[in-house]
Amino acid sequence: MSTLRPQEAVERALALSRSDDCIVIADEASTANLRFAGNTLTTNGVTRSARLTVIALRSTGDGVASGVVSRAAVTADGVEDLVRAAEAVAAGAEAAEDAAPLVPPGDAAAGGGWDDPPAETGIGVYEGVAPALGEAFARAAAEDRRLYGFANHTLTSSFLGTSAGLRLRHDQPTGLLELNAKGAGGSVWTGAGTRDFADVDVAALTGDLARRLAWGERRIDLPAGRYETLLPPSAVADLMIYLYWSAGARDAHDGRTVFSAPGGGTRVGEKLSPLPLTLSSDPGAAGLECSPFVLAHASGRESSVFDNGTPLTATDWISDGTLTALTQTRDSARRTGLAVTPAIDNLIMTGGDGGATLDDMIARTERGLLLTCLWYIREVDPQRLLLTGLTRDGVFLVEDGAVVGAVNNFRFNESPVDLLGRVTEAGATAPTLPREWSDYFTRAAMPPLRVPDFNMSTVSQAS
């Protein structure tokens, strides 16, 4: 925030406000990254950014209008101009549909003291990972493999203040490592999400890549069709995250989505899976911790600026196979009559078969496909949540409990909601990195799933 600390920016904006109520969010972030290609580190660097969001609220007689303006790198002299811009937007706006009283002040600030400096990351976060990558590069070169990929770590401090007296702060670390190996067996991928890289085992990740490349040295062509398929946790995460993003209560209540009930209302209370699967979010989940309160920079059908500061608690979206909640603002909760359950920035599926690993599930597969990951996922039909996409970086054939070779890629057509009703086995839950959505969502823990008839609709020439 130039010479202005984020906390000072919040307080100054609130003091300058002439609106009936005001909400201010200051975000300050630092990012450290490593990139590598062909077994060689290519670039590294550190960047910093800051953004100030002012939400001006104006009483209209029949409600409350809101004006939201957000700008990067606001200096001390620029705060007033930003506040006036938000007030001008509010002055020209009609009463907001999602208007609600500001959240009253809570207890002590979350995620660290309000007055403490913003948290920062740096290249030092890789002090354990970088040497391990160097050793992996040497092994790969000696065994005629090439490693490509990147590591990224961002630490964002968010400061939320309101004219109602609320002052909350949250520090969010977000890290990931993506690795791609190429060799005689084709191309394979793995990745890991992390808070600080202390839990990232580079040797284990690259060892798994070497094993998959060895599987790929035998190539087998298969036609399109429905196959028994083992989905690893990463692929499950990509499908369940799209389900989660599509689980807005207002859209469901308005008849727009797969979670809309015939004749009106929502499908909350309906059984979705015969297995006792639970899909949940918890801001305090170990290793997947995220903001314990709402941080909404804009209003939409699934978020509301009026909800800023609303406490977040562990929520089951699906419990023992039954749909139990949809993402709710306070406004949509009034419309639907359901509990207020705002979105939370992590996703966890449990309820699998004890400690069964993906290898255990391979060992009891007579004939089926083993996927690595999915990509280019797009929605085809929101009423069914039908998705299409491609397999990527390794599809393998399993016969009699062993992987016997790599097969061609496919385009798939599947609904994650329908898929939940057909799953016959779920393994042990483990932290995973979604491949497709890692730019937006990294905090996930999923089991591998067995689907008896996964729809590989066409053969893909992607390689």
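Modeller: We start with the ground rules, then take the domains, then the pockets.

Modeller: This is a predicted model, where local features need pLDDT of at least 70, side-chain atom pairs count only at pLDDT 80 or more, and totals for chains, interfaces and linings use all residues. Residues are numbered from 1 along each chain as its sequence is written, and side-chain values use heavy atoms, with hydrogens and water left out.

Biologist: Into which domains is the chain divided?

Modeller: Domain bounds come from an automatic or database domain assignment. Here they give domain 1 (6-208) and domain 2 (218-462). Their C-alpha centres lie 24 Å apart. The contact (heavy atoms within 4.5 Å) takes 38 residues from domain 1 and 36 residues from domain 2.

Biologist: How much area do domain 1 and domain 2 bury between them?

Modeller: Buried area is the accessible area (1.4 Å probe) that two parts lose on being put together, summed over both. The value here is about 2,800 Å², with 61% of it on carbon and sulfur atoms. Asp98, Val103 and Trp189 supply 23% of what domain 1 buries against domain 2, more than any other three residues.

Biologist: How many salt bridges does the rule find across the interface of domain 1 and domain 2?

Modeller: The rule wants a side-chain nitrogen of Lys or Arg within 4 Å of a carboxyl oxygen of Asp or Glu. It finds four across this interface. Separately, look at glutamate 97 and arginine 335: they form a salt bridge, with the closest N and O atoms 3.7 Å apart.

Biologist: What volume does the largest pocket have?

Modeller: On a 1 Å grid over the protein atoms alone, a pocket is an open set of points where a 1.4 Å probe fits, with protein on both sides within 12 Å along at least five of seven lines; lining residues have an atom within 4 Å of a point. Volume is the space filled by probe spheres set on the points. The largest pocket has about 1,100 Å³. It is lined by 38 residues, and Leu295, Ile344, Asp345, Tyr440 and Arg443 lie nearest its centre. Each of domain 1 and domain 2 gives at least three residues to this lining.

Biologist: Where does the second largest pocket lie?

Modeller: Domain 1 and domain 2 both give residues to its lining, so the second largest pocket lies between them. Its space is about 930 Å³. Of its 40 lining residues, Thr190, Gly191, Leu205, Pro431 and Thr432 are the closest to its centre.
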